[in-house]
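Here is a report on two ligand sites. Please look over the sequence and the structure before reading on.

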Amino acid sequence: RPAPAVLGEGGLGTGAEREREVLHLCLFVEANLIREPLVVFVCATTGQGDPPDNMKNFWRFIFRKNLPSTSLCQMDFAVLGLGDSSYAKFNFVAKKLHRRLLQLGASALLPICLGDDQHELGPDATIDPWLGDLWEKVLELYPVPIDLPVIPHGVPLPSKFTLQFLPEAPNPSSKESCLAISDSLGPPSESQPFLAPMVTNQRVTGPSHFQDVRLIEFDITDSGISFAAGDVVLIQPSNSAAHIQQFCHVLGLDPSQCFVLQPREPDVPCPPGLPQPCSVWQLVSQYLDMASVPRRSFFELLACLSPHELEREKLLELSSAQGQEDLCEYCSRPRRTILEVLCDFPHTAGAIPPDYLLDLIPQIRPRAFSIASSLLVHPRRLQILVAVVQYRTRLKEPRRGLCSSWLASLDPKKGPVQVPLWVRPGGLAFPETPDTPVIMVGPGTGVAPFRAAVQERVAQGQTGNFLFFGCRWRDQDFYWGDEWQELEKRGCLTLVTAFSREQTYPCYLQGQKVYVQHRLRELGPLVWELLDHRGAYFYLAGNAKYMPTDVMEALMSIFQEEGGLSHPNAATYLARLQRTLRFQTETWA
Ligand SMILES: Cc1cc2nc3c(=O)[nH]c(=O)nc-3n(C[C@H](O)[C@H](O)[C@H](O)COP(=O)(O)OP(=O)(O)OC[C@H]3O[C@@H](n4cnc5c(N)ncnc54)[C@H](O)[C@@H]3O)c2cc1C
Ligand SMILES: NC(=O)c1ccc[n+]([C@@H]2O[C@H](COP(=O)([O-])OP(=O)(O)OC[C@H]3O[C@@H](n4cnc5c(N)ncnc54)[C@H](OP(=O)(O)O)[C@@H]3O)[C@@H](O)[C@H]2O)c1
Ligand SMILES: Cc1cc2nc3c(=O)[nH]c(=O)nc-3n(C[C@H](O)[C@H](O)[C@H](O)COP(=O)(O)O)c2cc1C
């Protein structure tokens, strides 16, 4: 019997890679799925319980009403969900797919696996034991042929790529030279980002405020990039020069050396965007995510590669099932990075064969930012509002977010700065009719997409713009305060603010912080009138943790109090708004 098929679904993949995958999926599904004896589905959830873009064709196909209930009765399957329990619809896509496959007659080899980004050990916490069970079941059905030797534990698989070092650098270009861009047609994408000149990088929070937030502007002239309010820009960050040097030092790598990357298997593609030949500096700066917290598989492979007995023993312990509490204590809780772990295991780090670097260290992922400007007001420009992530754990060094800290460190006043980026549609789309009101709720940096929407709508003469904005203090983090007030004076905007740490609110909120949801409740009659009588659209953006649930609860109580609906009817009303895209959200963890 053939080897099991694995149907993988990345969450945010874009561009040519995604198109290829979609095409491949359509062919795969329509031509082969009904003949596959065993399929492992790996799927993320995006938006608010939505399938990722590269899964949408498959989703439409698998939910076609005319599929007979015996369509997949020859198939065994397993579903591995990649989700995040801070979202209301945790692993919604995986759960729904699991149910649908059962409906179509397929047999589940084992219960669904619900990976959770919020778990201290990451998705591994559930995936590791689940994989053990999966292999057990699979090997019962498809035993390893007796003439095939089993690779003993502790022996690494061959590396996915080989690095063939060149005797001298072919082109002595700058160390910082960025991702190669080809001159193909079509808008920039993950495989061909646009190197956008950064025009300004301005701190917009007060100098004494604890949170550093930047308004960053890029020049997108001649990029082929176009966008509308609600779209998102993806930015490919790099590691800092200090970290690159430290990494090369610990691993004994010469950053100026060049190599050609070659996959061992003929059908494995090289990572998109890595130039060929490539310098060690480029590989380390643009590709290897040494600032991420390592997963258990990192320790497993590192142990296999370690020539040092004591270090190997410790690495093995950290990668074992019993060592998971220690791993949590050592890495996950204090958010220790791959680079820091490598420094803690110097004998092992110094002996890592370069061929294994891409197996050991994950690729730096692009980060999404809501576009905060409109081309109608800032032609040839793209602006974003970035909260610089910095926090403390028990480790001496503060933890810093890779992309936001990298962006904050770039200073276009000191010389030209270019940032690899591309744009994709976001989760928010605004009505085109001129007088449909929009209620936008965006505390903190959640206001970014609404700045673009307000600019776009005002430029197009669209009325009925209601913005609920929340921050701590009006003189510290009131983003675009002057702009909003100016638009209010012109009658283009109704602004409602919630300054959570200013105590100037009614006594019924005594001792309680004032958030956007309190202001929504206060203005319940207006909110109900806009939604129920004037067909308003409702938007919500920002931190995924508690705010979305709190705002949805506020809406539910408005539907009950102002609309006189029962709780179940209020829930149905909200669900209908969601279904008809009159309630849309863009939230991030
Ligand atoms: C659709 C979308 C739109 C977005 N729009 C914006 C936007 O407009 N503006 C914006 O600033 N961001 C936005 N984000 C978030 C942005 O993509 C990045 O996640 C954010 O900038 C952090 O990236 P980083 O590389 O700096 O941090 P990373 O290196 O990725 O580190 C972030 C991680 O650090 C951990 N962490 C952060 N704070 C703490 C803490 N206090 N304690 C413990 N762990 C912590 C969390 O695990 C978090 O996931 C958006 C995200 C999405 C998906
Ligand atoms: N560690 C965390 O849990 C945490 C939480 C939020 C943001 N952050 C980080 O802070 C940075 C900026 O975040 P941000 O722009 O999203 O927002 P933010 O600046 O942190 O917060 C914006 C406003 O939202 C308020 N708020 C807090 N909880 C809320 C809730 N449940 N409902 C409604 N409003 C609420 C805040 O009030 P108060 O702060 O006065 O409560 C503040 O006034 C990001 O880097 C983010 O990662 C971290
Ligand atoms: C914009 C966004 C929306 C998400 N929505 C959900 C959700 O509704 N439910 C859930 O369980 N996980 C949600 N997640 C978490 C992702 O499913 C999870 O992080 C997954 O591992 C992402 O896969 P990727 O890294 O291939 O994009 C969301 C993540 C993002 C960035």
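The sections below take each ligand in turn, then the record's annotation.

## Model

This is a predicted model.

## Ligand 1

The shell around ligand 1 holds 17 residues. Arg367, Ala368, Leu385, Cys403 and Ser404 come nearest. By class, 11 residues of this shell are nonpolar, 3 are polar and 3 are charged. Four elements each give at least two residues: β12 (367-370), β13 (381-387), α13 (402-409) and β21 (583-588). Strand β12 supplies the largest share, with 4 residues.

The side chain of Arg335 places an N or O atom 3.2 Å from an oxygen atom of ligand 1. Ser370 contributes through its backbone: an N or O atom there lies 3.1 Å from a nitrogen atom of the ligand. Ala387 also uses a backbone N or O atom, 2.9 Å from an oxygen atom of ligand 1. On its own, ligand 1 exposes 990 Å², and the protein buries 69% of that.

## Ligand 2

Around ligand 2 there are 18 residues. Those that come nearest are Thr445, Arg472, Ser500, Arg501 and Tyr515. The shell divides into 7 nonpolar, 7 polar and 4 charged residues.

For Tyr515, an N or O atom of the side chain is 2.5 Å from an oxygen of the ligand. A polar side-chain atom of Ser500 lies 2.7 Å from a ligand oxygen. For Lys513 the distance between a side-chain N or O atom and an oxygen of ligand 2 is 3.0 Å. Two elements give two or more residues to the shell: β18 (465-471) and α18 (547-561).

## Annotated positions

An unreviewed UniProt entry lists a "binding site".

Beyond its sequence neighbours up to four places away, Arg501 touches Phe210, Arg472, Trp473 and Lys513. Gln517 lies in helix α16. Gln517 counts as buried because its relative accessibility is 7%, under the 20% limit. With neighbours within four places in sequence left aside, Gln517 contacts Asp550, Val551 and Ala554.

How values were computed
Residues numbered from 1 in each chain as written. Chains lettered and ligands numbered in written order. Predicted model: local features only at pLDDT ≥ 70, side-chain atom pairs only at ≥ 80, totals over all residues. Heavy atoms only, no water. Near = heavy atom within 4 Å. Polar contact = N/O pair within 3.5 Å; in protein donor to acceptor, adjacent residues only side chain to side chain. Areas by Shrake-Rupley, 256 points an atom, 1.4 Å probe, with all protein chains shown as cover. Nonpolar A, V, L, I, M, F, W, Y, C, P; charged D, E, K, R; others polar. UniProt positions renumbered as here; feature names shortened; annotations may be inferred. Contact = heavy atoms within 4.5 Å. Buried < 20%, exposed > 50% of the residue type's maximum accessible area, 1.4 Å probe, protein only.
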